[in-house]
Amino acid sequence: MTTTHKLALIGFGTVGQGLAEILLAKGDELAARYGVQFQVVAISDLLKGSLYDPAGLDLAALLDA
């Protein structure tokens, strides 16, 4: 059984983007090994603005932007 945890990132600079990259690269492994899944539903950044979607944000698209 996999448990989903919804995350809101405060800041999307080096650390926030790094976490997004880790979640993209290792998300399936975390779900299989530990039974947890992380879904980023909000990002707020002073310079880049804020986004919210209760269904989850597309991290790959955000990192490309």
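## Largest pocket

The largest pocket has a volume of about 260 Å³. The model is predicted. Fourteen is the count to keep in mind here: 14 residues line this pocket. Nearest its centre lie Leu-23, Gly-27, Gln-37, Phe-38 and Gln-39.

Two elements, helix H1 (14-34) and strand E2 (36-45), each supply at least two residues of the lining of the largest pocket. H1 gives the most, with six residues. By class, the lining of the largest pocket has nine nonpolar residues, four polar and one charged.

## Second largest pocket

The second largest pocket has a volume of about 200 Å³. Its lining draws on E2, strand E3 (49-52) and helix H2 (59-64), the elements that give two or more residues. E3 gives the most to the lining of the second largest pocket, with three residues.

Which residues line the second largest pocket? They are Phe-12, Gln-17, Ile-43, Asp-45, Lys-48, Gly-49, Ser-50, Leu-51, Leu-62, Leu-63 and Ala-65. By class, six are nonpolar, three are polar and two are charged.

## Strand E2 in both linings

Strand E2 (36-45) supplies at least two residues to the lining of the largest pocket. E2 also gives two or more residues to the lining of the second largest pocket. Gln-37, Phe-38 and Gln-39 are among the residues nearest the centre of the largest pocket. Ile-43 and Asp-45 are among those that line the second largest pocket.

Methods: Residues numbered from 1 in each chain as written. Predicted model: local features only at pLDDT ≥ 70, side-chain atom pairs only at ≥ 80, totals over all residues. Heavy atoms only, no water. 1 Å grid on protein atoms, 1.4 Å probe; cavity = no way out; pocket = protein on both sides within 12 Å on 5 of 7 lines; lining within 4 Å. Points joined across faces, edges and corners; volume = space filled by probe spheres on them. Helix = DSSP H or I, 4+ residues; strand = E, 2+ residues; numbered from the N terminus. Nonpolar A, V, L, I, M, F, W, Y, C, P; charged D, E, K, R; others polar.
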